[in-house]
Amino acid sequence: MRQNIMNTIDMARTLFRLRFKWENPIYLIHAITARCNARCGFCAWHPDFYDGSDELTTDEVKKLYRDAREAGFVALSLWGGEPLVRQDVGELLKYAKELGFATNMITNGALLERKMDEVVPHIDRLCISVDYPSDKHDSFRGVKGLYGKILSATLRIKAKYPKQKIVYNYTIQNENADLQIIEEMARVMKTLGVAGIFNGMRIEAASTDEEKEAEMRKYNPTNAKLAEVFEKLRELKKLGYPIVNSHTHINKMTDLPMFYRCHWPKAVLPIEANGDVVDCQYWGRKPIDNIRNKPFSEILKHPRVLALAGKEGESCHKCVSVHRIDVSEAWEGRLRALASWGRNLA
C-alpha cells in the first residue's frame with residue numbers, strides 16, 4: 001500500500017513538473033506485435049484491419065527502449081496484438097526493467113499461465129482483458145476455454161507473486177452492457193482481489209475507413225445505454241468495489257458526447273509493431289514517422305508530435321477512454337483521478 005501511494009505521488013510530481021517544463025512525452029506505449037491468438041469481432045487490430053507484418057526485431061526493440069530512457073521516458077506499456085505470442089517478450093520486459101522503466105502489459109490471458117514466470121517478475125502492472133464474468137467471454141474473444149484460463153492464471157499469480165498488481169479491463173459492448181452482468185463482473189473482481197477498468201469502444205481512434213468503422217460500430221452501445229452502465233459503476237464504486245475509473249470519467253460517460261481538453265499526447269507516445277509512431281488523431285491511417293527511418297530524438301521534435309502536445313491536441317475530445325480522461329485531469333492539477341488509481345491498485 002505504501003509503495004503504491006509513493007508511485008502515485010511520483011507520477012503526480014512528474015506530471016506537475018511537465019506542465020511547467022515540457023520537453024517530450026514520458027510514457028511509451030508499444031504494440032510489440034500485431035499478431036494475435038484471439039479473434040475479437042470488435043477489435044480494430046485483427047488481420048482484416050491491420051497489417052501485422054514486419055515487426056521490430058529484438059535488437060530494434062531494445063534500441064527503442066534505450067533511446068526512450070535517454071530521452072527521459074519513465075514508463076512502458078506493452079500490448080499488441082497479443083504480446084505473449086512474441087518469443088522474446090520475457091527478455092524484452094526484463095531489459096526494460098533493467099533500464100529503469102515502470103512496466104505494464106496488456107494481454108488476453110490465453111498464454112499467461114504458461115508464460116507467467118517468464119514475464120510477471122518484470123511487470124509492475126498486469127492488465128488482462130475480460131469482457132464477461134463467465135465462459136461467454138470465450139465467444140467474445142474467439143478462444144475456447146479462455147475465461148477459465150484467465151481465472152486459473154490470476155489465482156496462480158496471486159499465490160506465487162502476491163504483490164503483483166492485476167487489473168481486469170472490461171470493454172463495454174452491446175452484448176455485455178447489462179447492469180446485472182456489470183455487477184457480477186465487479187463482484188468477480190472484488191472476490192479475486194483484482195482492480196477493474198471499464199472502457200467504451202475505441203471506434204474513433206482505430207478505424208481505417210468508413211466501411212470498417214461501420215463494422216465496428218455495430219458492437220457499440222448507444223449513449224443512453226452507456227449512461228446506464230456508468231451510473232451503475234458509480235454506485236458500485238461508492239459501495240467499495242475495486243473500480244479504477246475516476247468519478248470524473250464516470251461523470252463524462254453518463255453525459256455523452258463528452259467534452260474535455262486532452263493532454264494525453266503530452267505524456268504518451270504510442271508506437272506500432274513495425275516502428276510506426278502513431279498520430280492518435282489518425283490511428284491506423286497516417287503515422288507520424290517510423291523509428292527505422294529517423295532517430296528517436298528527431299521524432300520527438302517532429303512538428304506533428306509538437307502539434308499534438310499543443311493546442312491541436314488539446315482541442316480534440318473524441319476519445320472516451322478512461323486513460324485519456326484521467327491523464328488529462330491529472331495534467332490540469334486535478335489529482336482525484338490519480339488517487340482513484342492509486343487506491344484501487346494498492
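Which residue just after helix 16 takes a positive phi? Let me start there, and then walk through a few other places in this structure.

The model is a predicted one, in which local features need pLDDT of at least 70 and side-chain atom pairs count only at pLDDT 80 or more, whereas totals for chains, interfaces and linings use all residues. Residues are numbered from 1 along each chain as its sequence is written, and side-chain values use heavy atoms, with hydrogens and water left out.

The residue I asked about is G333, which has a phi of about 90° just after helix 16. As background, most residues other than glycine have a negative phi, and most peptide bonds are trans. When I say helix or strand, I mean a DSSP run, for helices H or I with at least four residues and for strands E with at least two, numbered from the N terminus.

Helix 16 itself covers residues 322-331, and eight of its 10 residues are buried, so this helix is largely enclosed by the rest of the structure. Buried here means under 20% relative accessible area, while exposed means over 50% and partly exposed lies in between, with a 1.4 Å probe and protein chains only. The buried residues of helix 16 include V322, I325, E329 and W331. At the start of helix 16, a side-chain oxygen of S321 comes to within 3.1 Å of the backbone nitrogen of H323.

T248 counts as buried because its relative accessibility is 18%. H249, also in helix 11, is buried with a relative accessible area of 0%. Not counting residues up to four places away in sequence, H249 touches a list of residues that includes F198, F230, V322, I325 and D326. The side chains of H249 and N245 are joined by a polar contact of 3.2 Å, that is, a pair of N or O atoms within 3.5 Å, of which, within protein, one must be able to donate a hydrogen and the other to accept it, and residues adjacent in sequence count only if both atoms are side-chain atoms.

Let me turn to a pair of packed helices. Such a pair is described by the angle between the axes and the distance between the axes. The axes of helix 2 (residues 58-70) and helix 3 (residues 89-99) come within 10 Å and cross at roughly 20°; these axes are lines fitted to C-alpha atoms, for helices over the stretch in contact, and the angles run from 0 to 180 degrees between N-to-C directions. Helix 2 and helix 3 are therefore roughly parallel to each other, given that angles under 35 degrees count as roughly parallel, over 145 as roughly antiparallel, 65 to 115 as roughly perpendicular and the rest as oblique. Where they meet, T58, V61, K62, Y65, R66 and R69 of helix 2 face E91, L92, Y95, A96 and L99 of helix 3.

Finally, two peptide bonds deserve a look. G80 and G81 are joined by a cis peptide bond with omega of about 15°, and G81 lies in the loop between strand 2 (75-79) and helix 3. L256 and P257 are also joined by a cis peptide bond, with omega of about -5°, and P257 sits in the loop between helix 11 and helix 12 (264-267).

Conventions. Contact means heavy atoms within 4.5 Å.
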